[in-house]
Every structure is written in structure tokens, then in C-alpha cells.
Amino acid sequence: RSVFGDGEVSFDECEMDAGKFSFKRANLGSGDFSFEEVMFENVDVNFERTLFCEERVSFYKSWFNTISLGFCHLNGFLDLRVNKSSVIDLSNTVVRDIIDMNPHEFPARIDTMYMGGMRLLGRFYLDWTSNNVKRLICSQNNSSHRLKSEQFRILKENFKNLGLYTAEDRAYVEFKRSESKAAVKESVAEKPIKAIYQYPLYWFKLTLFDKAGLYATSPVRVLITMLVCFILFSLTYYFMLLWTPADIIASVDDQLSMMARSFYHSAITFLTIGYGDHYPYGAVGWVSAIEGFIGLFLMSYFTVAFVRKVLR
């Protein structure tokens, strides 16, 4: 509960071998708070509920075991480019300015980061790849899928405001994945009998929305899915013509082989063209109806994903 007046507070280049360092419920006046290049590699540092001033707060190039800023009011610029830390806890913080965690001069070796309950009114600068953001959130052992989804949602909105749209898409995908897992687990925990339909529904959504196109964030993924479906249906037609009485009948004179007819019929069905020069007979008609629906859906899915990219 220390109260500091105006002026700089500096712990630069301090060393501590092991133990805990507590700075809880402190109230800092105006002036820089510097904690740069400290060597606390085996020390747990706790700044819980500390009210930081509107000036610069720096933990640049420092080493910690864990550092907790839970419930802190971060009113100024926070330089969180630490050199190494097993855990960084930003739970329930109120961020009014900027947090910079984007490594530039050295790799950031951080294992886990907690952001549950954060009120991000400012900006959070971190790199999805260099900071390995997905691992930082997914490595939280004690967090539920619902809490992880909330943290990915916070990052999604942050990346959107920064104009980092690729990172926003990745955060959005992880948000939707965690949200889906949370919905299933919460539903089954409420009534175990719901597992009968909740898990099949979850796998259906996972295949349709996630694997097919990463929740409409990847037009290329949708195109690959379309190509795979087209080839699978084409081969299905071929084997049906080979082993069953079903057939693809030509209404015009042509010399297409059985394989060519299968792929051609699959193409005009998948793309919902339907020239009428070839039409299905027997069980092929039912398969064609299914392919037509899937083709229509995937083309719409691709349009959404493509327009989403173009508009940005």
C-alpha cells in the first residue's frame, strides 16, 4: 500500500536469486517507473492492484520467473518487452494507453500469458508469430475454453484496430474454436444426455466451418476444399458407373470415355451449370443432388471469404 509522490522510481539492473518480490496495492505518482534489465529469473514478481501513473512503465529486457499485473490500472505506456518469463499475468487489468510486447532486438521467451477480464481501452502491440500468441493463451492450464475464447476475442478486436488483419483472422479462428469447445462442454456438463447430439454436431461444424475454410478467413482453403470435393464426387461417379447399373447418359453424340463423363458431369453439377448434354440415371441422380448442394454452399462460402479479403 505504498504511496509514491511525483518523480522517477528505478529498479534498473537489480538482481535477486530466488523468492518473491511484492509491490502490491502501490500508488505511483507522475514520473517514470523503470524495472529494466533486472535479473529475477527465479523470482515471482507481483504488482497486483497497483495504480500506475500516466508516464512510462518499463520492464524492458528483464528476466522473471513470473510477473503478475493482475487488477492493475495501466494508465500510461507499458514496455513489456521482457527477455524471459514463464508467466505474464495481465488478468483483469485496465489498459488505457499502450502495451508494447512486440520483440525487436531479441526473441521474447515467454511460456504463458493470462489476459482474462482485461479491459483493453488502448492498444496492445504484439506479433502473432514472434510472440507465439496462440501458445501463450492455449498453454493456460487452469483456464476454461470459455475464458480462452474471451482472450482470443480481445486480441481479435485489438488486431483489427491496429490494422493487422492476418493476425486478426488467426485470433478469430482460435476464438471460434475455443467458443465451440466451451459450448459443447458446458452443455454436456449441464445435462450429460446432450452428449448424444452435441458431439456429432460439434464435429459437423468443425468440418464444415473450420476445416473447409477457417471460418471464412481463407479463400485458398475453400478453393482446396472445393477441388477435393470435386475429385471425390468424380471418382464416386466413375465407380458407380463401373460397378452399378447407374449411368450418365449423353443427350448428344459424343465419344467421352467413362472417366471423362464422370469428371465432366461432376464439374457441371458442382458448379450448378447443368447444360443438359449429360444427365444422370439411377442412383447417380441422388449423388448429383448432394453434390449440387455442396457445390452451391462452397461457392457461397468462397464468395464470403474472398469479399472479406478484398474489402480489407
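## Salt bridges

A salt bridge is counted here when a side-chain nitrogen of Lys or Arg lies within 4 Å of a carboxyl oxygen of Asp or Glu. Asp169 and Lys309 meet this criterion, with their closest N and O atoms 2.9 Å apart. The pair links distant parts of the chain, as Asp169 sits in helix 3 and Lys309 in helix 7, 140 residues apart. Helices (H or I, at least four residues) and strands (E, at least two) are DSSP runs numbered from the N terminus. Asp169 is buried, at 4% relative accessible area, and Lys309 is partly exposed, at 36%. Buried stands for under 20% relative accessible area, exposed for over 50%, and partly exposed for values in between, computed with a 1.4 Å probe and protein chains only.

The model is predicted: local features need pLDDT of at least 70, side-chain atom pairs count only at pLDDT 80 or more, and totals for chains, interfaces and linings use all residues. Residues are numbered from 1 along each chain as its sequence is written, and side-chain values use heavy atoms, with hydrogens and water left out.

## Other charged contacts

The whole structure has 19 salt bridges. One of them joins Glu168 to Lys156, with 3.7 Å between the closest N and O atoms. Glu168 belongs to helix 3 (residues 165-190) and Lys156 to helix 2 (residues 145-162), so this bridge ties together parts that are 12 residues apart in sequence. Glu168 and Lys156 are both buried.

Arg49 and Glu48 also form a salt bridge, at 3.7 Å from N to O. Arg49 is partly exposed, with 36% relative accessible area, and Glu48 is partly exposed too, with 23%. Elsewhere, a network of salt bridges links Glu36, Arg56, Asp79, Arg81 and Asp100.

## Aromatic pairs

There are 33 aromatic pairs in the structure. Rings of Phe, Tyr and Trp (its six-membered ring) pair if their centres lie within 6.5 Å; planes under 30 degrees apart count as stacked, over 60 as edge-to-face and the rest as tilted. Phe11 is partly exposed, at 22% relative accessibility, whereas Phe33 is buried, at 2%.

A stacked pair is formed by Phe302 and Phe306, with 5.7 Å from centre to centre and 20° between the planes. Both residues lie in helix 7 (residues 284-311), 4 residues apart, which is about one turn of the helix. Phe302 is partly exposed at 22% relative accessible area, and Phe306 is partly exposed at 45%. A single aromatic cluster takes in Phe4, Phe11, Phe21, Phe23, Phe33, Phe35, Phe40, Phe47, Phe52, Phe59 and Phe64.

## Surface patches

Patches are built from residues with over 30% relative accessible area and no salt bridge, joining like charges within 9 Å and nonpolar side chains (Val, Leu, Ile, Met, Phe, Trp, Tyr) within 5 Å. Leu227, Ile231, Leu235, Phe239, Leu242, Trp243 and Met259 make up a nonpolar surface patch with about 660 Å² of accessible area together. Accessible areas come from the Shrake-Rupley method with a 1.4 Å probe, and for residues only the protein chains shown count as cover. Helix 5 (residues 219-243) contributes the most to the nonpolar patch, with 6 residues. Trp243 is part of helix 5 and is exposed, at 65% relative accessibility.

A patch of negative charge on the surface gathers Asp12, Glu13, Glu15, Asp17 and Glu37. Asp and Glu count as negative and Lys and Arg as positive, while His and the chain ends are not counted. The place of a charge is NZ of Lys, CZ of Arg, CG of Asp or CD of Glu. Asp17 lies in the loop between strand 1 (9-10) and strand 2 (19-22), and is exposed at 67% relative accessible area.

## Positive phi angles

Most residues other than glycine have a negative phi. Lys61 has a positive phi near 60°. Lys61 lies in the loop between strand 5 (57-58) and strand 6 (63-68) and is partly exposed, with a relative accessible area of 31%.

Ala216 also has a positive phi, about 65°, although it is not a glycine. Ala216 is placed in the loop between helix 4 (195-213) and helix 5, and is buried at 10% relative accessible area.
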